[in-house]
Amino acid sequence: MQQNNIAIKVKGLSKDFDISESGKGFSGKLKALFRRKRKIITAVDGIDFEIKHGEFVGYVGENGAGKSTTIKMLTGILVPTSGSAEVNGIIPYKERKKNAAKIGVVFGQRTQLWWDLPVRESFDLLRVIFRVSQSDFNSQMKKLDQVLDLNSLMGMPVRKLSLGQRMRCDIAASLVHNPPVLFLDEPTIGLDVLAKESIRNFLAEINREEGTTIILTTHDMNDIEHLCKRLIILEDGKIVYDGETELLKQKFVHEKVLEVEFHDDGNVIHGIPGVTVIREQGCKKWLTFDNDNYGIGEVIGTIASRYKIKDISVNEPSVESIIRNIYNNRVTLATPSEESPTK
Amino acid sequence: MNPKLFLKFVSVSFQKQVTYRFDCFVGIVNGFLYVFIFTSLWKALYSQFDTTVHNGYTLTAIVTYAVMVMAVRISFTMDDSIIYRKVMDGSIAIELVRPTSFFFMNLAENVGNSLFHTMARTAPIVIISIFLFDVSIPFEVIRFLLFVVSCIVGYILVSMMNFIVGLFAFWFIEIFPFLLFKYAFYTFFSGGIVPIDFFPEFLKPLVKLLPFQYMLYFPTTILIGRASLAEAQSIIMAQLIWIVIMGVICSFMWGAGKKKLIIQGG
């Protein structure tokens, strides 16, 4: 049975939102009382993908691209307008409760803990909600405590936790019932570098050790580069890339970045064919050039012959810059990859 | 729904109420004022006529009704804007990713709320009123048990009504006007202010078609002895039929509303 290996299956999934707008000012509001302007917004527009058990997938896109809407359909919160989805063989929007028992969800922007209760009581409630036996619960909590260091937080009311502490608790909360599939909607939003690091390490570990399938939406490309082997990029509700994160670099890198440190900071760089300055900082300048049409030796030679150079290095563009280019439509995505869904 | 989980959530909601102690004190004063106003009004009205019985109520009976219907109404206090607020701030998303029934979680939250109001407000108001006003209740254990059953069923009906109106937030987001309408209909047509027997004739057929009278009026008539024990049983039967009807409406609304839901704030 090949089917058993599939954790998530999405086919032609779409979601329209019916937004009624009220006008501006008093008269606009008054008019809206009688006649509402209706606007249909397609948040997710016929997407297809399959995710196997044990995969760690980055799901990225600009704000409003439809990431969160997709997650909300896969977790049973929203009902799709058309298309179908299956998570662990369950249709989430038809069997919400059954699906909820087998997934973990973290929304970075809101907590699933009880604001007024101590952390310990929140976990105890979740234990009852997810019908976890006391012994399973104890061993799971022990495991979570080792990596997320929860013990010191247990007695504190949730509202007194810092964002980083709260996020550690929230991630632990989503794993109380040890779900095979974990959805993370911007779990590192607003966290400092250290907190991000520890959460990243933890996620990599449960993916590796427990084989937990993880779908991560984030705006932090470092998260993606560190964690996600596979990347799905969404734009205007459509998938524009679905494939390995590494492949993305090979496919779309037509540019290289030169980091040049000059002897003095007065240099104005212009007139070198194919080269543009993308950033300046004192004597340092970052230049980019078209790798396909201009040789690297040629470009460095030209710069060296015109200016006094102290140091020079060649950088690969980061995933972040590639994705930024995709958002800005500077890269065409006619044939993204072999793994893109075919109809 | 797991009963253990239900009770856990009742207790969480109860504890939440305890933190608002000042509200509770104001609530006692406010509730008592209502009782005082209504009983005074009835006394003043009755003194205007030579006949001592109106629509089957003696002065003692109507004062008893006024006190007791208020007591039931205060016990039935629940926050009818819970669903609205959860839709408004998007926190409904968190509840929907749990393997629990939204309706029963909502009911548990209401029950915790009401238990608190029963202990902290209804009890003192009833005790004070028994001493201050001419209240007479028949002492029959079976009658009291039937009253409790009728109250529980009536309570579920009120909770369902609030659930249905709350779900309007899935369509309209802003539902304050609906809540106002509901409040007016509920307090008046449930007999919360005047017993149904005093309603004008042209309203009575309408009242019979609505579920409101089964929320406050009928449970109260069982308690104060206006309904015989046999009548009490048929009242409870009718209430149960309404539970089924309202239950169907709830699940229909829930099914339709889910498709309309928009999660605010991402």
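A: The place to start is the largest nonpolar core: it has 131 residues, and those touching the most other members are Ile232(A), Ala66(B) and Leu157(B). A nonpolar core here is a set of buried Ala, Val, Leu, Ile, Met, Phe, Trp, Tyr and Cys residues joined through C-beta atoms within 7 Å. Buried means that 20 or more other C-beta atoms lie within 10 Å of a residue's own, exposed means 12 or fewer, and partly exposed is in between, with C-beta atoms placed from the backbone.

Some housekeeping before going on. This is a predicted model, where local features need pLDDT of at least 70, side-chain atom pairs count only at pLDDT 80 or more, and totals for chains, interfaces and linings use all residues. Residues are numbered from 1 along each chain as its sequence is written, while chains are lettered from A and ligands numbered from 1 in the order in which they are written.

Helices (H or I, at least four residues) and strands (E, at least two) are DSSP runs, numbered from the N terminus. If you zoom in on Leu157(B) and skip its neighbours within four places in sequence, you find it in contact with Pro211(B), Tyr214(B), Met215(B), Gln239(B), Trp242(B), Ile243(B) and Met246(B). Contact means that the C-beta atoms of two residues, placed from the backbone, lie within 7 Å.

Now for the chain around Leu157(B). Chain B has twelve helices and zero strands, and 38% of its 266 residues count as buried. Take its contacts with a separation of 6 or more, and 84% of them join residues 24 or more positions apart. Its C-alpha atoms fill a box of roughly 65 × 40 × 35 Å along the principal axes.

UniProt, in an unreviewed entry, lists residues 20–45, 57–76, 145–173, 179–199 and 235–256 of chain B as "transmembrane region". Those positions are in the numbering used here, feature names are shortened, and annotations may be inferred rather than shown by experiment. In the model, residues 235–256 of chain B are 100% helix and 0% strand, with end C-alpha atoms 31 Å apart. Residues 179–199 of chain B come out at 52% helix and 0% strand, with the ends 24 Å apart.

What about the partner? Chain A has eleven helices and 13 strands, and buried residues make up 36% of its 343 residues. The contact between the chains takes 23 residues from chain A and 21 from chain B. On the chain A side, helix H2 (67–74), helix H3 (96–100), strand S5 (103–107) and helix H4 (119–129) each supply at least two residues. That side divides into 13 nonpolar, five polar and five charged residues, where Ala, Val, Leu, Ile, Met, Phe, Trp, Tyr, Cys and Pro count as nonpolar, Asp, Glu, Lys and Arg as charged, and the others, Gly among them, as polar.

H4(A) is worth a click. Its buried residues include Phe123(A), Leu126(A) and Arg127(A), and the buried set packs against H5 and H6 of chain A together with helix H1 (3–18) of chain B. After H4(A) comes Arg131(A), with a positive phi near 50°. Most residues other than glycine have a negative phi. Asp149(A) also has a positive phi, near 50°; it sits in the loop between helix H5 (134–148) and helix H6 (163–174) of chain A, and counts as exposed because there are 12 other C-beta atoms within 10 Å.

As for confidence, the predictor gives the complex an ipTM of 0.85 and a pTM of 0.84. Chain B has a mean pLDDT of 93, with 99% of its residues at 70 or more; pLDDT is the predictor's confidence in each residue, from 0 to 100.
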